[in-house]
Amino acid sequence: MGQGLWRVARNQQLQQEGYSEQGYLSREQSRRMAASNIANTSHRKQVQGGIDIYHLLKARKSKEQEGFINLEMLPPELSFTILSYLNATDLCLASCVWQDLANDELLWQGLCKSTWGHCSIYNKNPPIGFSFRKLYMQLDEGSLTFNANPDEGVNYFMSKGILDDSPKEIAKFIFCTRTLNWKKLRIYLDERRDVLDDLVTLHNFRNQFLPNALREFFRHIHAPEERGEYLETLITKFSHRFCACNPDLMRELGLSPDAVYVLCYSLILLSIDLTSPHVKNKMSKREFIRNTRRAAQNISEDFVGHLYDNIYLIGHVAA
């Protein structure tokens with residue numbers, strides 16, 4: 001009984017002082033709400049001082065408009081950066097929504113030069129009505145035509161003023177383009193040896209190890225599937241170009257274009273031997289050194305051994 005009376009008296013005292021349990025909770029809630037309001041007020045002041053891109057991307061006008069942010073609301077530099085990651089198809093679709101942004105000449109110029117690194121028209125004064133979007137469509141159509149018929153493809157580029165009728169210009173176009181079918185390209189280069197000569201001179205093999213240089217060469221000019229006159233021509237042209245790019249190394253090793261030619265053939269045969277699943281008894285390093293030095297006696301044993309290690313570790317030179 002005494003404890004009950006004490007609790008009643010204590011509660012009355014707390015109510016008079018404003019510290020009842022309900023009063024205490026209500027005051028705590030009001031204090032939290034006040035702190036939240038202060039934070040929201042300070043946030044609004046920060047937003048009024050400058051546009052926060054992160055919150056701008058998060059913003060939505062209404063539930064019906066939820067989706068990707070309108071690029072026209074962003075700074076132009078940020079909008080162009082976003083659109084620059086699109087390919088031609090997606091950029092055409094984007095132009096249906098953001099016509100002024102997606103049709104910008106700089107975006108289409110970047111697409112043209114990233115796919116076709118060299119065209120004669122790049123270095124000329126553009127004709128009246130020229131646009132890089134139209135040029136992209138012509139380059140794409142010309143590449144498809146080339147992949148069906150190389151001669152017709154090259155004639156199409158010349159008729160549109162995209163390429164000059166010059167072996168050097170055609171060679172630069174081929175060297176800087178990755179959309180051409182390599183089988184059709186091989187047929188075209190076999191017929192146009194003048195273009196092939198200029199294409200070989202565009203390679204720079206300075207300070208490159210011989211197998212690595214040969215791999216780079218065959219990435220641009222694909223080797224035929226069988227031995228023949230065209231393969232011999234390619235290796236001969238490569239050998240002379242490699243020696244021209246590394247005159248000091250040739251003198252140091254005592255190599256000539258004929259010796260490089262022999263080494264290239266040895267590397268191709270070794271690549272086939274080591275990578276082919278049909279060859280069970282693989283050529284050993286000692287056998288490769290012995291066979292190669294029989295054909296080219298002035299080559300050091302260490303150098304030939306490094307050639308074998310490169311093929312063994314990295315793989316085929318003409319894959």
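Helix H11 (182–191) and helix H16 (257–275) each contribute at least two residues to the lining of the largest pocket in this structure, which is a predicted model. Helix H16 provides the largest share of that lining, with 4 residues. The space in the largest pocket amounts to about 290 Å³. The pocket is lined by 16 residues, and those closest to its centre are Ala223, Pro224, Glu225, Ile268 and Ile272. By residue class, the lining comprises 10 nonpolar, 2 polar and 4 charged residues.

In one of them, the ring centres of phenylalanine 217 and phenylalanine 218 lie 5.5 Å apart with the planes at 65 degrees, so the pair is classed as edge-to-face. Phenylalanine 217 and phenylalanine 218 are both buried. Ring pairs also join Phe217 and Phe218 into a cluster with Phe205, Phe238 and Phe242.

A further edge-to-face pair is formed by tyrosine 261 and tyrosine 265, with 5.4 Å from centre to centre and 65 degrees between the planes. Both tyrosines belong to helix H16, and because they are 4 residues apart in this helix, about one helical turn separates them. Tyrosine 261 has 23% relative accessibility and therefore counts as partly exposed. Tyrosine 265, at 17% relative accessibility, counts as buried because the cut-off for burial is under 20%.

A contact between a charge and a ring was also identified: lysine 113 lies over the face of tyrosine 122, at 5.2 Å from the ring centre.

Note on methods: Residues numbered from 1 in each chain as written. Predicted model: local features only at pLDDT ≥ 70, side-chain atom pairs only at ≥ 80, totals over all residues. Heavy atoms only, no water. 1 Å grid on protein atoms, 1.4 Å probe; cavity = no way out; pocket = protein on both sides within 12 Å on 5 of 7 lines; lining within 4 Å. Points joined across faces, edges and corners; volume = space filled by probe spheres on them. Nonpolar A, V, L, I, M, F, W, Y, C, P; charged D, E, K, R; others polar. Phe/Tyr/Trp six-rings, centres within 6.5 Å; stacked < 30°, edge-to-face > 60°. Buried < 20%, exposed > 50% of the residue type's maximum accessible area, 1.4 Å probe, protein only. Lys NZ or Arg CZ within 6 Å of the ring centre and 35° of its normal.
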